[in-house]
Amino acid sequence: DVCEVLSLIRFPLMSVEELHAVLQGGELKGRPSVLSLVEDALGLAPSAPSSPPAGGAGGSGGASPTMPSTMLGAKAALSTARSSQRTSLDAAVTHPWRFTRRSLPGGVELAYVCDGDANGVLRHIGTGYGTQAWMNPMLTRRVDIKASSPTARHTDPRALAGNKFVRHNFAGPRYINGRPVTWWSVDLGSNHQLMVNYYTLRHDGSQDFPRHWVLQGSSDGARWVDLRRHKEDAALRTPGQYASWAVLGPTANQPYRMFRLLLEGPTTSRETPHNFCLSNVELYGYLYRLDKPDVVQQLQQPPQQQQQQQQ
């Protein structure tokens, strides 16, 4: 399977020439998520200065004196590939955090490759960190998923951690001071923290598509930090469809134990505009196990020292 092969590739370890060759090949056709991974790798690649063109610093017809021609060629190839695939990246390269290695020693990398892959944190925990056959981590009580409405026939938190499509599954609103509040939450447990960099949603079989929501993270369940906000997001538009998004920005530079999908506006449904319908969810990034003393020591270091180790 191509997705399984691509999950084994670490593009940041490849040279610019190798990345250029990947872009020139046909393996990435129809796989915009992998194009994004290649772009990340190009952003991390060193831009060693090259010699000025023959005409001097003000000459013409040569490569930029601060970027090798091979890098320029790879960037151009990536631009062409992105245009042909009609992909839209989540942040411009001008953002300083776009190409930052957001990891600390001791974390297990769970890289997003494609929608519906088996690389996410719920899958990883469900397989006992890759040591056994998968079991729903909700059933083994390794994670805890909750909804804003009570568990019922069509509100099954276990389904979100599962690998099967669910035709009807929604979180209903909880009214606070007369205002509807709807959410799904994922608690990875006291022994886990995840520095999330990607996440995937799969819609259920209904026509109630969310358009306004926010992904939040928390370490205690009391204080929530916005990780990615969606406004007029029409990525989910057919029943059973997958959609995935990168999680970027300064707030995503820290690991969290809990994550929440909070509905912030009406869905496309006229009858039930405050129901948050989902079949499955998956989170990706760097998983830290707090039952390992060396990992706890790394996470307890001052932020400045953590940033130095990330570089």
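Me: How many contacts beyond four places in sequence does the model have for residues 84–101?

Reply: This is a predicted model: local features need pLDDT of at least 70, side-chain atom pairs count only at pLDDT 80 or more, and totals for chains, interfaces and linings use all residues. Residues are numbered from 1 along each chain as its sequence is written, and side-chain values use heavy atoms, leaving out hydrogens and water. Over residues 84–101, pLDDT (the predictor's confidence in each residue, from 0 to 100) stays under 50. Counting a contact as heavy atoms within 4.5 Å, the number beyond four places in sequence is 33.

Me: What share of the residues score at least 70 in pLDDT?

Reply: Residues 47–67 stay under 50 in pLDDT. The protein averages a pLDDT of 80, and the share of residues that score at least 70 is 68%.

Me: Is T155 buried or exposed?

Reply: T155 is in the loop between β2 (144–147) and α6 (157–161); helices (H or I, at least four residues) and strands (E, at least two) are DSSP runs, numbered from the N terminus. Buried means under 20% relative accessible area, exposed over 50%, and partly exposed in between, with a 1.4 Å probe and protein chains only. T155 has 3% relative accessibility, so it counts as buried.

Me: Which residue has the backbone oxygen that the side chain of T155 reaches?

Reply: Leaving aside neighbours within four places in sequence, T155 is in contact with residues including A147, P150 and W184. At 2.8 Å from the side chain of T155 is the backbone oxygen of F170.

Me: Which side chain makes a polar contact with the side chain of D233?

Reply: D233 lies in the loop between β8 (225–230) and β9 (242–246), and its 13% relative accessibility makes it buried. A polar contact is a pair of N or O atoms within 3.5 Å; within protein, one must be able to donate a hydrogen and the other to accept it, and residues adjacent in sequence count only if both atoms are side-chain atoms. A polar atom of the D233 side chain lies 2.9 Å from the backbone nitrogen of A235. At 3.1 Å, the side-chain partner of D233 is W245.
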